[in-house]
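The structure is shown first, and the description follows.

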Amino acid sequence: MIITSGLKKYYGETAVVDDVSIQLPAGGITSIIGPNGAGKSTMLSIVSRLLGMDSGSVTIDGLDVSNTPSDVLARRLSILRQDNHMTARLTVHDLVAFGRYPYSKGRLNIEDKAHIDQAISYLNLDDLKNRFLDELSGGQRQRAFVAMVICQDTDYVLLDEPLNNLDMKHAMGMMKLMQKACRELGKTVVLVLHDINFASWYSNYIIAMKNGRVVRQGTPDELIRPEALKEIYDMDINVHEIGGHRVSLFYD
């Protein structure tokens with residue numbers, strides 16, 4: 001379980017993450033939603049130790065993120081940021097292989113190579129594995145980066161807006177893949193999402209942030225309600241039920 005306690009981060013005198021204390025449940029998909037500037041991506045970066053905190057603590061299954069050795073942490077938690085650009089000219093296979101660095105230190109063995117092949121197949125990238133990243137569409141590149149994260153073989157997978165550059169069909173495919181990874185590989189997936197319908201349809205748990213604070217958290221059924229969404233987004237949002245899921249169809 002990922003636990004944050006009294007988490008704070010300031011830029012100047014502005015608190016972008018303001019006293020956040022949460023428990024992210026183990027297993028399934030947790031989506032973090034909220035308006036722009038709510039602190040979602042900043043919090044995710046702090047949890048993964050990509051960004052330092054000004055006060056508070058983060059633990060992952062009892063390990064303190066602040067002082068856990070990097071190679072130990074990298075075997076428990078992986079993250080894919082929004083700005084996942086590569087300047088080097090790499091093939092899909094080369095990129096995915098980076099996911100094994102915490103284990104191989106750059107010297108791939110048979111087990112590492114098996115993980116690489118499995119991750120490439122899991123993301124349906126077999127036909128593209130020898131293509132260079134700059135030859136791929138935005139959606140194909142996104143899948144390649146997710147394959148790298150899956151190849152890292154961690155219990156916890158953090159994804160910051162993974163649906164960027166994906167059309168509706170491929171966004172749905174990505175969310176179904178995350179569900180499959182939770183179900184078949186035992187992953188705990190934490191996502192930052194802007195689309196509340198995707199959050200409602202595919203998440204097991206939702207955390208809503210606003211102005212650096214957590215304002216609501218619970219199941220999709222508890223959060224995808226007009227009164228909760230109005231508190232989060234400061235606007236009236238109609239909610240309907242389709243196939244047992246609450247979704248937003250109209251914005252007033």
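Axes are lines fitted to C-alpha atoms, for helices over the stretch in contact, and angles run from 0 to 180 degrees between N-to-C directions. The model discussed here is predicted.

**The helix pair**

The axes of helix H6 (residues 138-151) and helix H7 (residues 168-185) come within 12 Å and cross at roughly 15°. Angles under 35 degrees count as roughly parallel, and H6 and H7 are therefore roughly parallel to each other. The crossing of H6 past H7 is right-handed. On the H6 side, the contact is formed by Gln142, Arg143, Val146 and Ile150, which meet Met174, Met178, Ala181 and Leu185 of H7.

Strand E3 (residues 28-33) is mostly covered, with six of its six residues buried. This holds for both faces: Gly28, Thr30 and Ile32 are buried on one side, and Ile29, Ser31 and Ile33 are buried on the other.

E3 pairs with two strands, E8 and E9, as set out below.

| Partner of E3 | Residues | Direction | Bridges |
|---|---|---|---|
| Strand E8 | residues 188-192 | parallel | five bridges |
| Strand E9 | residues 205-210 | parallel | four bridges |

Definitions and conventions
Residues numbered from 1 in each chain as written. Predicted model: local features only at pLDDT ≥ 70, side-chain atom pairs only at ≥ 80, totals over all residues. Heavy atoms only, no water. Buried < 20%, exposed > 50% of the residue type's maximum accessible area, 1.4 Å probe, protein only. Pairing = 2+ DSSP bridges. Parallel < 35°, antiparallel > 145°, perpendicular 65-115°, else oblique. Left-handed = near helix turned anticlockwise from the far one by under 90°. Contact = heavy atoms within 4.5 Å.
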